[in-house]
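Please keep the sequence and the model in view while going through the points.

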Amino acid sequence: MSTGTASAPASAPASAPAILRTASAREAARWVVAHCRGTPWLTAATVVTTVAGAALQVLPVFLLGKVVDGVVAGAGSGEARELLVTVGVLLAVALLLGTVAAAASTYLIGRLGADLLARLREGAVRAVLGLPSARIEQVGHGDVLSRVGDDVAVVSKGIRTAVPTLFSAAVLVVIATIGMFGLDWRLGLAGAGALPAYALALRWYLPRSAPLYRRQREAQADRAQAFISGLNGIETVRAYRLEPLFRERVARESWRVRDLGIEVFRFFGRFVGRENRAEFVGLVLIIVVGFVLLETGSVTLGEASVAPLLFHRLFNPLGSIMFTFDEAQKSGASLTRLVGVLGEATQERLAGSVPAGSGSYPVTVEGLTFTYPGSERPVLKDVNLTIPAGGSLALVGATGAGKTTLAALIAGIGTPQAGSVRVGDTPISGLDEADARALVSILTQETHVFSGTLAEDLRLAAPGASDAELMDALRTVGAEPWVTALPDGLDTLVGEGGERLDGTKAAQLALARLVLGRAPVVVLDESTAEAGSQGAAELERAVLAACRGRTALFVAHRLTQAMTADRIAVLDAGQVVEEGTHEELVAAGGRYARLWRAWREAG
């Protein structure tokens with residue numbers, strides 16, 4: 001696995017969208033259905049308890065109709081008491097069973113939703129981590145973080161609130177509608193007459209609201225990107241006094257989010273008005289039809305009384321459905337963005353063959369040419385290099401010579417416009433980054449200490465490693481003395497909120513992950529640049545120990561590190577202008593010799 005953060009060439013095709021993929025509503029629905037099919041017993045139990053709870057909520061209305069008909073029929077006092085006792089007992093039983101069914105339904109819906117959310121969250125994070133670095137840089141960290149952060153939070157809220165309400169209310173609407181048809185088909189049609197009005201309200205609302213909510217989510221992603229870009233480059237921002245510019249950018253995106261929020265609120269208010277008109281239409285229809293049927297003797301007074309009560313019983317669930325559509329639409333928009341990430345990660349995977357077994361592999365670079373999108377000048381031009389299996393090569397050259405770009409391409413980050421990079425017989429550009437990391441580990445000067453225990457940090461590279469293996473890796477890179485001096489050893493908390501590690505210790509930790517990763521090829525891009533002179537010398541020894549037995553490429557910040565490599569390649573303006581051992585290049589008196597003299601004089 002990658003043990004550092006690489007500045008990746010932007011290798012995505014020019015036609016790739018500037019944001020991560022968003023799935024269609026149908027695709028998101030298929031994903032949800034597939035999840036429910038994966039838990040058949042839980043899904044079936046949820047449906048059964050919800051239907052039972054809805055039926056038990058409707059039962060008291062029918063019992064009330066029986067009481068009305070009994071009174072109208074002039075039942076004797078004894079029969080009336082018997083009827084009332086029977087109805088009272090049935091009401092009590094319905095109340096008790098309905099409460100149990102409602103509680104069970106709420107719990108099961110929550111359980112089903114929690115399972116779905118956990119799978120979605122894990123899948124989204126896994127998919128984002130599996131995306132090519134160039135793709136993540138292309139879309140920006142704001143879009144990525146908003147999906148695995150804000151969108152997950154929105155879906156989580158929807159699953160806790162909107163989904164249980166929508167499902168329970170929808171079942172209750174169906175049960176009550178069936179009950180009205182059971183009284184008299186004409187009463188059923190009268191009650192159902194409100195449904196077109198509800199449908200028209202939803203038909204007006206849904207196609208307009210989905211793009212609006214999507215725009216709102218995208219605006220929030222842009223706001224996050226504006227904030228993160230300023231925060232990540234805070235030193236540069238302060239150095240050039242760019243604080244007003246970044247404040248204005250964040251404020252502009254924040255106002256955009258606010259304006260869209262107001263637009264959403266106003267739009268939803270218009271939708272509520274249409275929902276109220278639908279309720280009025282339905283209630284008027286059922287009262288008028290019930291009166292006509294009662295006058296003609298087609299229904300009893302109890303039945304005519306039950307019908308409007310049943311329809312009134314629908315006010316709350318129908319209102320809940322309509323009102324929670326606001327939250328449901330937000331959740332749906334976020335769900336399509338998360339499912340879109342899952343789909344994009346699947347599309348990004350390419351068919352590749354990773355060599356089996358362990359050991360060293362040669363690295364061959366042939367005719368490599370690379371140009372960044374939007375630039376006409378190639379960064380690398382017809383580069384040819386060979387690193388023998390188990391050998392090492394150092395890249396040196398002035399800033400902008402193309403060293404980091406070449407290192408990233410050899411690590412499988414980015415796709416060249418021409419030429420190839422092979423590890424053994426495998427073209428590295430034919431693999432996705434996950435497979436590429438199995439062959440090549442890359443370590444840069446931007447090492448990161450993850451929050452957690454030291455052992456957890458190390459096991460990111462080797463989840464199954466034992467404590468003894470972790471200590472062996474630390475011993476290899478010279479970190480054992482300071483690790484054993486920690487308060488809790490491998491169980492010491494590091495990173496944010498834990499033990500603070502200086503640059504040398506953080507680099508040793510990254511090198512230990514490199515050792516544990518066991519990739520046969522390693523790329524080190526100026527990995528000792530952030531340490532001081534004494535720390536750099538210590539790290540150079542650690543680098544040699546970590547790379548022993550592997551094929552290694554060094555982007556040398558210090559020429560003392562270049563000296564330790566088997567061979568040295570000098571890059572200038574994207575081309576290899578010299579190659580040889582340290583002694584050969586110094587004796588040749590060329591560009592490397594001049595760099596070496598300048599280094600000696602500066603030292």
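1. D467 is partly exposed, with a relative accessible area of 44%. In this predicted model, D467 forms a salt bridge with R459, and the closest N and O atoms are 2.6 Å apart. R459 is likewise partly exposed, at 25%.

2. Helix α15 (residues 467–476) holds both D472 and R475, which are three residues apart, about one turn of the helix. Their side chains meet in a salt bridge of 2.5 Å, N to O. D472 has a relative accessible area of 42% and is partly exposed; R475, at 41%, is also partly exposed.

3. A further salt bridge joins R567 and E579, with 3.6 Å between the closest N and O atoms. R567 belongs to strand β11 (residues 567–572) and E579 to strand β12 (residues 575–580), so the pair ties together parts that are twelve residues apart in sequence. R567 counts as partly exposed at 32% relative accessibility, and E579 is partly exposed with a relative accessible area of 32%. The whole structure contains 14 salt bridges.

4. How many aromatic pairs are there? The count comes to two. One of them is formed by W204 and F267, which are stacked, with 4.8 Å centre to centre and 20 degrees between the planes. This pair links distant parts of the chain, since W204 lies in helix α8 and F267 in helix α10 (residues 243–295), 63 residues apart. W204 counts as buried because its relative accessibility, 13%, is under 20%. F267 is also buried, at 11%.

5. The rings of F370 and Y372 have centres 5.0 Å apart and planes at 90 degrees, so this pair is edge-to-face.

6. The charged end of R274 lies over the ring of W204, 3.9 Å from its centre. The charged end of R249 is placed over the ring of F246, 4.9 Å from that ring's centre.

7. Helix α11 (301–348) supplies the largest share of the lining, nine residues. The lining divides into 24 nonpolar residues, nine polar and one charged.

Conventions
Residues numbered from 1 in each chain as written. Predicted model: local features only at pLDDT ≥ 70, side-chain atom pairs only at ≥ 80, totals over all residues. Heavy atoms only, no water. Helix = DSSP H or I, 4+ residues; strand = E, 2+ residues; numbered from the N terminus. Nonpolar A, V, L, I, M, F, W, Y, C, P; charged D, E, K, R; others polar. Phe/Tyr/Trp six-rings, centres within 6.5 Å; stacked < 30°, edge-to-face > 60°. Buried < 20%, exposed > 50% of the residue type's maximum accessible area, 1.4 Å probe, protein only. Lys NZ or Arg CZ within 6 Å of the ring centre and 35° of its normal. Salt bridge = Lys/Arg side-chain N within 4 Å of Asp/Glu carboxyl O.
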